[in-house]
Amino acid sequence: MKIKDIMSRNVVTVGLDDTLGLVKEIFDHSKFHHLLAMEGGELLGVVSDRDLFKALSPNIGTNVETYKDTATLNKRVHQIMSRKPKILREDATIDMAIDLFNEHAISCIPILSHDDRLVGILSWRDILRSLRGHSDEES
C-alpha cells in the first residue's frame, strides 16, 4: 500500500516568523498535532504540539501568569521548529514510512510530490488507522 492512500491531505502550514501564540491557537482549535513551517513554497521545518508545550510557560492561562509568561507566546516558529524534516514522496510504501519512523525520533513525515510540492502529511496514527482498516477488510 502507498502512503498517498492513507496520508492526510489537509495540511496546515505556518511561516517561520509566525508567533507561538498563533501556533497555540491553531492547536487549541484542531485535532491534529503537527504544523509544517514553509517559506517561499519550501518546506523548512515541523512544529509539533509537544514542541509548543516545551517552549511555552506552564503558567499561561493560570491566575499566576505574569508578563514573562505571556511573552513566550511572542517567540517565533523558527525558534522551536525541527529543521530539515525527514520526507517521503507520495508513492512511497507504508513499509518505507515505518522504517523512517523507527530510524528517527519523529512523529510525522511531510509528503512531497515528485516536483517537490507539499501534498500531505503522515503520522504514525495514520498508519495504525490503515492497519486497523486493512485487518477489518481481511476478516
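## A contact set around Asp51

Leaving aside residues up to four places away in sequence, Asp51 touches Val46, Ile80 and Ser82, where contact means heavy atoms within 4.5 Å. Asp51 itself is found in helix H2, which covers residues 49-55; helices here are DSSP runs of H or I with at least four residues, strands are runs of E with at least two, and both are numbered from the N terminus.

The structure is a predicted model, in which local features need pLDDT of at least 70 and side-chain atom pairs count only at pLDDT 80 or more, while totals for chains, interfaces and linings use all residues. Residues are numbered from 1 along each chain as its sequence is written, and side-chain values use heavy atoms, with hydrogens and water left out.

Asp51 is buried and yet has no salt bridge, the nearest side chain of opposite charge being that of Lys54, 4.5 Å away. Buried means under 20% relative accessible area, exposed means over 50%, and partly exposed lies in between, with a 1.4 Å probe and protein chains only. A salt bridge requires a side-chain nitrogen of Lys or Arg within 4 Å of a carboxyl oxygen of Asp or Glu. For charge, Lys and Arg count as positive and Asp and Glu as negative, whereas His and the chain ends are not counted.

## Overall layout

The protein has six helices and seven strands, and from the N terminus on these elements run β-α-β-β-α-α-α-β-β-α-β-β-α. Along its principal axes, the C-alpha trace spans about 55 × 35 × 25 Å.

Of the 139 residues of the protein, 37% count as buried. Among the contacts with a separation of 6 or more, 56% are accounted for by residues 24 or more positions apart. The accessible surface comes to about 8,700 Å², and 49% of it belongs to carbon and sulfur atoms; such areas come from the Shrake-Rupley method with a 1.4 Å probe, and for residues only the protein chains shown count as cover.

## Nonpolar cores

A nonpolar core is a set of buried Ala, Val, Leu, Ile, Met, Phe, Trp, Tyr and Cys residues joined through side-chain atoms within 4.5 Å. In the largest one, which has 17 residues, Val23 and Val77 touch the most other members. Helix H1 (20-28), strand E2 (34-39), helix H2 and helix H4 (77-80) each supply at least two residues of this core, and the largest share, four residues, comes from H1.

Not counting residues up to four places away in sequence, Val77 touches Val14, Gly15, Leu16, Asp18, Leu20, Val23, Ala37 and Val47. A second, separate core of 14 residues includes Ile3, Leu88, Ile94 and Leu100.

## Salt bridges

How many salt bridges does a search of the whole structure find? The search finds four, and among them is the one in which the side chains of Asp28 and Lys24 meet, at 2.7 Å from N to O. These two residues both lie in helix H1, four residues apart, which is about one turn of the helix, and Lys24 counts as partly exposed because its relative accessibility is 25%.

Another salt bridge joins Arg89 and Asp116, whose closest N and O atoms are 2.7 Å apart. This pair links distant parts of the chain, with Arg89 in strand E5 (residues 88-89) and Asp116 in the loop between strand E6 (108-112) and strand E7 (118-123), 27 residues apart. Arg89 is partly exposed at 27% relative accessibility, and Asp116 is likewise partly exposed, with a relative accessible area of 46%.

## Helix H6 and its surface

The side chains of Asp126 and Arg129 also meet in a salt bridge, at 2.8 Å from N to O; being three residues apart in helix H6, they are separated by about one helical turn. Asp126 is buried, with a relative accessible area of 6%, whereas Arg129 counts as exposed at 56% relative accessibility.

Leu128 has its place in helix H6, residues 124-138, and counts as partly exposed because its relative accessibility is 48%. Together with Trp124 and Leu131, Leu128 forms a nonpolar patch on the surface with about 300 Å² of accessible area. Patches are made of residues with over 30% relative accessible area and no salt bridge, like charges being joined within 9 Å and nonpolar side chains (Val, Leu, Ile, Met, Phe, Trp, Tyr) within 5 Å.
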